[in-house]
Amino acid sequence: MSPSTTIGLLGGGQLGMMLCESASPLNVPIAVLDAENAPAKQINSNKHHVTGSFKDPAKIRELAANCDVLTVEVEHIDTQVLEEIATHGVQVSAADGSTTTKKVAVHPSWKTLRLIQNKYEQKDYLGKQGIPIAEQLALDSGDSMLASMKEASAKFGFPWMLKSRKDSYDGRGNLKISSEADLEHAVSEFGSLSCYAEKWVPFEIELSVIVIRTEDDEGNTKRLIPYPAVETIHEDNICSRVFMPPRNVAPDVSEQAQKVACSVVEKLWGRGVFAVELFFTKDGKVVVNEIAPRPHNSGHHLIEAVPYMSQYKAQLTAILDGPLPEELQPHVSSSIMINILGGANADSHDRLVEKAKSMYANNMAVYLHLYGKESKPSRKIGHITLTGLGTIAELEEFAQPLIKIAEEIRQERLQASSKALRPQQAPATTTTTGKAKGMNKDKPLVLVTMGSDSDLPVAKAGIDILNEFGVPWEVDITSAHRTPVKMGQVATDAADRGIKAIICLAGGAAHLAGMMAAYTPLPVIAVPVKATHLDGMDSLLSMVQMPRGVPTATVAINNSTNAALLAIRILGAFMPEYLEKMKTYQLDMEKQVLDKATLLREIDVEAYLAKMGKK
């Protein structure tokens, strides 16, 4: 391909940003499909950018019409449209209104992306190719899932890993099954998904190898070039640190990891860089864990460690079928990458950044990379790379101040998450009689409970409504499957504690509201939560299809606002102050609509839209 070839990039996060940074000095134009303010667009001005979702087939076709080759920042892409573009081409409109069909290459191939998206099929394929993988077993879903998991338990023993076949990454979609007691919980969380069981791998360390792959126009492998193996450290299911070379392992282990990684990438299709994550086991074997067909978090250090050919420059060079070195030798003897993850507060990471800026030493260097992203808890917002000319142990000692601060930020984040889930006290309000009425957590009227802390963001909207009306409340976690005894006790005790209504939030199988209703005489309001799969329909149906005799009011998916308003109406039936507040609330809503109708009649449609900021 010509060096002026325009590359279309599906996804514009930090990986895309660093790809664009490498493309700029090479004068390689990159058109990005993502949100308007995506990090990759912040540092790359291009008339061919497309604004929208990289999962939207129409937008993907629009991007393809503006470029010569497509690549990806994330593998969860519609492979049907990529196959269509690579096989049949895409329609391109000319200035005179005529259209032509243009073939657009896709690298890595849509075949690789489709295989990678289904982890079970990926491992099954690699196993048949002789690649060392953990033993796995397909599981039934739905009503048969529990029985098939018991078969897996008998086959593998405990522990073993339950994994979703699709849409799982950074530890999401995985669940460790340690005993029989975990099976019921697994059914509630994964019962609606297509899953498989994987034998537990007793590993010593986790390794990663980035491999460059090139191929000819017929799809035959031309070259496979591995980077040095690295050790990866994961905390809270997120990569936190990377060490090159791996600590406390012999050099031949790294060589073995490189060979296995190359054998994996050789069996795939398309040009580019591929990250192969591996386990080094207690019995001295290297086993494949996962594959990422793109630049990877474990390769960020290569920007400084192998500056003449970082993983991002390698991605561009391989896609464009340009010249590559015979082997990849780092310019330094050791390197460490530390991820900067969002903390409990928006500025929690500032002290880590400032410390990185202040560190200098002979034969060692510190490089700071920030991604221009809003800080949120656990979000990857930057990374720090350290390089040295000495040993990895010496560099790790130098890096200790940064590692210590990163751990402090992590602990604060974990503590803040835990604190947010404790019973809270709402602010004091004034009743119609003019006397202060404290929102004492010991005398709550509404209990808001959820099956998992991941439901808390949805609950927040309803809690805000309770605060607006001055209703005392408390919040708790009572999983129907993981803590059934606690759940039954909380429901049984609620009426005696003065609770008048219970709001229950849950996703997946979502049995919490129905089980609470079975234990309590109080009104229970169910809020189905939209989980990763099925858009919350599984939760909605689980809640609304209650048997006769156990009524459970159910609101719309993720609509905790209506749950709170319904709870307030229940209180208003016997507490006049809440009845009056509800009347006022309804009158305010009516007035807002009438005011808008009046304004629309007074001015024309164009002026109204302009006033509303929609034009």
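**Entry 1**

My terms here: helices (H or I, at least four residues) and strands (E, at least two) are DSSP runs, numbered from the N terminus, and two strands pair if DSSP finds at least two bridges between them. The bridge partner of Arg213 in β16 is Gly272.

A reminder to myself: this is a predicted model, where local features need pLDDT of at least 70 and side-chain atom pairs count only at pLDDT 80 or more, while totals for chains, interfaces and linings use all residues. Residues are numbered from 1 along each chain as its sequence is written, and side-chain values use heavy atoms, with hydrogens and water left out.

Next I checked strand β14 (residues 230–235), which is antiparallel to β12 and joined to it by three bridges. There, Leu207 stands opposite Glu231. With strand β13 (residues 221–226) I found five bridges, again antiparallel, and Glu215 has Thr221 as its bridge partner. β12 and β13 form a hairpin with five residues between them, and Gly219 in the turn has a positive phi of about 90°.

Is β12 (residues 203–215) mostly covered or mostly uncovered? It is mostly covered, as eleven of its 13 residues are buried. Buried means under 20% relative accessible area, exposed over 50%, and partly exposed in between (1.4 Å probe, protein chains only).

**Entry 2: Ser334**

I found Ser334 in strand β18 (residues 334–341). Ser334 is buried, with a relative accessible area of 0%. Its side chain reaches the backbone oxygen of Gly390 at 3.3 Å. For such a polar contact, I need a pair of N or O atoms within 3.5 Å; within protein, one must be able to donate a hydrogen and the other to accept it, and residues adjacent in sequence count only if both atoms are side-chain atoms. Leaving aside neighbours within four places in sequence, Ser334 is in contact (heavy atoms within 4.5 Å) with residues including Met244, Pro245, Leu386 and Ile392.

**Entry 3: helix α4**

In helix α4 (residues 79–88), I noted Thr79, Val81, Leu82 and Ile85 as buried. Why do they line one face of the helix? Seen down the axis of α4, the buried residues fall within an arc of 160°, so they line one face; the arc is that of the directions from the helix axis to the C-beta atoms. They pack against β1 (7–10), α3 (57–65), β4 (69–72), β7 (105–106) and α5 (110–117). The face turned away from the buried side carries the exposed residues Gln80 and His88.

I also looked at the ends. Asp78 caps the N-terminal end of α4, with a side-chain oxygen 2.9 Å from the backbone nitrogen of Gln80. Just after α4, Gly89 takes a positive phi of about 90°.

**Entry 4: the five-stranded sheet**

What order do the five strands of the open sheet take? I read it as β24-β23-β25-β26-β27, with parallel pairing. β24 (473–477) and β27 (553–554) stand at the edges with a single partner strand each, so one side of each is left without a neighbour in the sheet. Inside the pairing, β23 (residues 446–450) and β25 (residues 501–506) share five bridges in the parallel sense. Met450 has Leu505 of β25 as its bridge partner.
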